[in-house]
Amino acid sequence: MTVWRLLDTGALPAALNMAIDEALLHLHVPGQSPPTLRFYQWSPPAVSLGYFQRCHAIDLHACRDLGLDVVRRITGGRAVLHQDDLTYSVIGDSSQGLPSSLDAAYRLLCKGLLEGFRLLGFEAELGRDQARSPHGDVCFVRAAIGDLVYQGRKFVGSAQTWHGASLLQHGSIIMEPQTKTWSLIIKGSSPEPISEKLTSRMISLREILRRRVDSGELKQALKAGMAETLQVEFQAGELTPREWALTEETAVSKMIEEGSHDYGVKLSAVLA
């Protein structure tokens with residue numbers, strides 16, 4: 001059975017989280033990083049913007065006031081709020097069992113996620129939305145391929161990018177309700193109406209299962225679902241020195257580019 005690496009990097013700043021995913025993808029191309037499933041969270045909470053999302057309705061001043069960092073992903077899609085969520089990423093290629101087309105890769109990896117949620121005790125399904133949402137700047141108001149919904153409401157949003165034959169797919173799983181924060185960071189919106197609209201389109205694991213889901217429980221279920229679907233064995237590992245070096249280099253540029261917080265310490269201290 002093929003062996004993949006399992007990484008759990010915990011809660012890290014936004015620029016660092018995105019830099020790790022980017023480093024894993026770029027080093028996977030020349031075979032310097034193994035196929036990897038990674039879990040991570042965000043501290044402080046953050047908003048990630050899609051790579052092509054240059055114009056948006058996200059109020060950056062409101063984000064700053066609420067202590068939310070803002071960072072740009074290397075994947076497409078719309079804004080995602082990383083507050084009380086779990087993020088996963090998958091890096092691999094066709095030689096490791098992944099399809100070589102966008103749609104087929106989405107469907108396979110989402111099948112793994114769906115199996116994980118079955119283990120948690122509920123059935124979800126793939127998104128099928130075709131039309132644009134009236135709130136197109138927010139990822140979770142539209143559920144297309146790569147997204148998962150429960151009774152028509154989205155709780156997992158995923159995005160992809162490819163570098164050569166290597167794929168990065170990462171996605172956010174909403175664990176706790178987010179509509180209150182969203183209503184405060186969308187420009188020109190009145191909190192109550194926008195909150196009602198978002199509530200009709202989004203849902204969290206707490207609302208689905210009617211209990212708080214521990215992140216460890218969620219990771220174990222998703223690991224099992226992915227292992228069964230991909231027919232791989234996951235072995236816990238760590239980032240290599242080469243991966244850390246590229247991560248540090250990339251993260252510094254992201255913090256400057258996106259105007260993220262000055263964390264006041266070197267990245268090496270953060271990672272210690």
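Reply: Buried here means under 20% relative accessible area, exposed over 50%, and partly exposed in between (1.4 Å probe, protein chains only). This is a predicted model, in which local features need pLDDT of at least 70, side-chain atom pairs count only at pLDDT 80 or more, and totals for chains, interfaces and linings use all residues. Numbering starts from 1 along each chain as its sequence is written, and side-chain values use heavy atoms, with hydrogens and water left out.

So, on to β2, residues 36-42. Strands (E, at least two residues) and helices (H or I, at least four) are DSSP runs numbered from the N terminus. β2 is mostly covered, with 6 of its 7 residues buried. It pairs (at least two DSSP bridges between the strands) with β1, residues 2-12, in parallel over 6 bridges. Together with helix α1 (residues 14-28), β1 and β2 make a right-handed β-α-β unit; right-handed means that, with the strands pointing away from you, the path from the first strand over the helix to the second runs clockwise.

β2 also pairs with β6 (residues 85-92), antiparallel this time, over 5 bridges. There, Leu-37 stands opposite Val-90 of β6.

Ala-46 has Asp-69 in β4 as its bridge partner. In β4 (residues 69-72), Asp-69 and Val-71 point one way while Val-70 and Arg-72 point the other, and all are buried.
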